[in-house]
Structure formats: C-alpha cells, structure tokens
Amino acid sequence: MTDSSADSPCRRALLIAAGLLGLSLAAARPAPAVADTVLITGANSGIGLEFAKEYAAKGWTVIATHRRSEPPRTLTELAARYANVRIERLDVTSVDEARALARKLEDVPIDVLIDNAGVYNDRSHCRADDEECPGDWSVESFGKLKYSLLDTIMAVNIKGPLIVAEAFYDNVKASREKKIIAISSSNGTLTGEKSPAQGAIFYRMSKAALNREMQIVAASTRRDGVTVVMLNPGPTLTEHQEYLRRYPEMLTTAFTVGHMIETIDRVTIRDTGRFLRYDGATEPW
Ligand SMILES: NC(=O)c1ccc[n+]([C@@H]2O[C@H](COP(=O)([O-])OP(=O)(O)OC[C@H]3O[C@@H](n4cnc5c(N)ncnc54)[C@H](OP(=O)(O)O)[C@@H]3O)[C@@H](O)[C@H]2O)c1
C-alpha cells in the first residue's frame with residue numbers, strides 16, 4: 001500500500017496533522033470585531049450567495065442585496081438561519097436605489113463592500129427562478145452581436161460598481177476595515193493572454209473597464225485610507241454554470257470564496273489598486 005492510498009496510516013496521520021494545523025491557525029487568527037459588516041451586491045446566487053453564507057457563518061453582519069421584486073428564497077432561507085443577515089433590495093444600475101439604501105444605512109459602517117453583481121451572458125430567455133438555465137453566450141461573438149446585451153453588461157458590470165462605491169463611500173470610510181472589493185475576472189486582462197480566443201466580447205471588455213475604473217477609484221480614495229482591490233475568483237462552478245461541471249478546472253464556490261475571504265482579510269492600504277487572484281497572487285492586467 002502506498003502513501004497516496006486513501007486509508008494508509010501515514011496519510012491518516014498527515015490529515016490529522018493538517019487538521020490540527022488548520023485548527024491552531026484558526027485559533028491564532030484574530031476574531032472579527034463585533035462591528036464587522038459586509039455589504040454584498042447580487043447576493044442571491046453563485047459567488048455572492050457563497051460570500052453571504054460564509055460571512056454569516058463567521059458572525060459578521062451581512063447586508064445581502066438583490067435586485068428582485070421579492071426577496072429571493074436563497075436569501076430568506078439564509079436570513080432564517082442567521083439573525084445577522086439583513087436582506088435589502090438594490091439594483092446596482094439605479095443611482096436612486098443606491099442612494100435610498102445608503103440613506104437607510106446612514107449610521108451603519110460597512111467594513112467590506114463587495115461589488116459582486118455581474119452579468120456575463122444573455123439570460124433574457126431564462127425564468128428568474130430557473131437557476132440552471134445556462135444563458136446564451138453566442139450573442140457576444142463578432143458577427144452575431146446583440147447590442148441590447150452590451151447595454152445591460154455595461155450598466156451592471158461597469159456603471160454598477162461605480163454607483164455602489166460612491167453611494168456607500170461614507171459608510172466604508174466610517175468603518176474599521178475600509179475595503180471596497182470589485183469582483184473582476186481574468187477575462188478582463190489585456191496582457192495576460194498570448195493569443196486571445198474569440199467570443200464573449202462584451203463580458204471581457206466590461207471586466208477590463210472595471211479594472212481600470214477601480215484602479216482610478218483606488219487612487220482617489222487612498223488618502224482616506226480606503227483599500228480598493230479587484231479580485232479574480234477563477235473558474236467557479238455556480239448554479240448558472242452547471243453545464244461546465246464536466247471540466248476539471250472548475251472550482252467550487254466554497255473554494256474560491258473561502259480563498260477570497262482570506263485574501264480580503266489580508267489586504268491592506270498597501271495593496272490598493274491591485275488586481276489579485278482569489279488566493280492573493282498578482283493577476284496580469
Ligand atoms: N462564476 C465564475 O466562474 C466567475 C469567474 C470570474 C468572475 N466572476 C464574476 O463573479 C461575479 C458573480 O458571478 P456569478 O458567477 O456568481 O454569477 P451569478 O450566479 O449569475 O450571479 C450574479 C448576480 O448578479 C445579480 N445581478 C444581475 N444584474 C443585477 C443588477 N442590475 N443589480 C443587482 N444585481 C444584479 C444577479 O441577480 P439575478 O439572480 O436577479 O439575476 C445575481 O445575484 C460576477 O461579477 C462575475 O462576473 C464569475
């Protein structure tokens with residue numbers, strides 16, 4: 001029997017040691033301050049929902065926002081489980097809605113503001129509650145471009161994070177952590193691919209624009225001690241991407257979000273304006 005066998009004594013000893021190490025590291029990590037609060041956009045599914053679940057389990061106050069007319073079931077279930085989860089409506093493309101919510105949260109410091117809401121393909125033919133509907137990527141290929149989708153992607157992925165960052169800036173400034181996190185993508189890279197493949201024009205250009213705008217927001221907020229970081233979650237298997245399950249490179253939401261939370265914990269004002277992978281490695285622009 002080799003060491004790689006699942007039940008070898010040597011492997012069991014290693015796993016126990018690793019478990020103990022994990023426990024002792026967790027014990028050494030500073031406990032979050034009582035006041036730690038995170039606001040997440042697009043928190044009802046995928047990566048946003050996993051952020052909401054993990055921060056709730058850590059004991060943070062979670063302001064989980066969604067753009068639906070009724071609170072989505074995923075969030076009402078989470079709020080039923082955790083008293084520290086507060087559900088609020090926020091369509092990130094609406095300046096009025098963002099300002100109205102900011103007024104409602106006037107006295108609430110927001111330690112970590114996560115600009116997560118994003119659109120990557122055409123889900124206009126999907127029912128809102130049909131999480132497994134894959135959406136249509138074909139209308140983002142040159143020769144087949146559907147320009148109404150470009151308008152939506154620009155509004156949600158580029159304008160939305162600016163609207164949200166501006167509207168809640170005073171809340172972030174008033175907090176202890178003072179962090180704005182934009183969920184970006186390696187699809188936004190200009191220099192990181194040797195020969196870019198075709199397709200997904202709208203989505204890829206939107207993330208390039210997001211990175212650039214957040215780099216400038218970072219330069220504008222540094223004087224206030226506010227850290228702005230762009231994170232690439234990596235290929236994450238969400239409800240909407242079940243059709244990608246057969247690809248071994250797909251990572252679970254628990255894995256990528258768990259790492260992103262650790263990276264968010266670690267970043268300081270010295271990192272402001274950086275584009276990082278989920279685990280904190282530098283991403284090429
Ligand atoms: N999954 C990946 O592999 C991957 C990789 C790199 C980057 N990302 C980025 O990660 C973020 C989350 O993606 P995901 O994969 O978790 O996607 P997802 O499951 O489709 O979640 C997107 C969220 O954004 C919300 N949203 C859409 N339009 C909105 C609007 N106008 N206002 C407020 N919320 C809105 C959606 O709400 P509805 O349910 O109401 O539509 C949903 O909650 C996105 O920024 C995405 O670009 C994902």
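Reader: Which loop does Lys178 lie in?

Author: Some ground rules come with the answer. This is a predicted model: local features need pLDDT of at least 70, side-chain atom pairs count only at pLDDT 80 or more, and totals for chains, interfaces and linings use all residues. Residues are numbered from 1 along each chain as its sequence is written. Helices (H or I, at least four residues) and strands (E, at least two) are DSSP runs, numbered from the N terminus. Lys178 sits in the loop between helix 6 (169–173) and strand 5 (179–183).

Reader: What is the phi of Lys178?

Author: Phi of Lys178 is near 55 degrees. That is a positive value in a residue other than glycine. Ala200 is another case, with phi near 50 degrees. Ala200 lies in the loop between strand 5 and helix 7 (201–221).

Reader: How many of the 285 residues of the protein chain, in percent, count as buried?

Author: The share is 36%. The secondary structure of the chain comes to eight helices and nine strands.

Reader: Which residues does Gly192 touch?

Author: Contact has a cut-off too. Two residues are in contact if their C-beta atoms, placed from the backbone, lie within 7 Å. Gly192 touches Ser186, Glu283 and Pro284, leaving out residues up to four places away in sequence. Gly192 and Pro284 are 92 residues apart in sequence, yet 5.2 Å apart in space, C-alpha to C-alpha. Gly192 lies in the loop between strand 5 and helix 7. With 14 C-beta neighbours inside 10 Å, Gly192 counts as partly exposed.

Reader: What part of the contacts with a separation of 6 or more comes from residues 24 or more positions apart?

Author: In the protein chain, such residues account for 68% of those contacts.

Reader: At what angle do helix 4 and helix 5 pack?

Author: First the general idea. Two packed helices are described by the angle between their axes and the distance between the axes. Axes are lines fitted to C-alpha atoms, for helices over the stretch in contact, and angles run from 0 to 180 degrees between N-to-C directions. Here helix 4 (residues 95–104) and helix 5 (residues 147–167) pack at about 25 degrees, with their axes 9 Å apart. Angles under 35 degrees count as roughly parallel, over 145 as roughly antiparallel, 65 to 115 as roughly perpendicular and the rest as oblique. Helix 4 and helix 5 are therefore roughly parallel to each other.

Reader: Which residues meet there?

Author: From helix 4 come Val95, Ala98, Arg99 and Ala102. They meet Ile163, Val164 and Ala167 in helix 5. This contact divides into six nonpolar residues, no polar and one charged. Ala, Val, Leu, Ile, Met, Phe, Trp, Tyr, Cys and Pro count as nonpolar, Asp, Glu, Lys and Arg as charged, and the others, Gly among them, as polar.

Reader: How many residues surround the ligand?

Author: The number is 26, and the closest are Gly42, Gly46, Ile47, Ala117 and Gly118. A residue is near a molecule if its C-beta atom, placed from the backbone, lies within 6 Å of it. The shell divides into nine nonpolar, 14 polar and three charged residues. Helix 2 (residues 46–57) gives the most to this shell, with three residues.

Key:
Buried ≥ 20, exposed ≤ 12 C-beta atoms within 10 Å, placed from the backbone.
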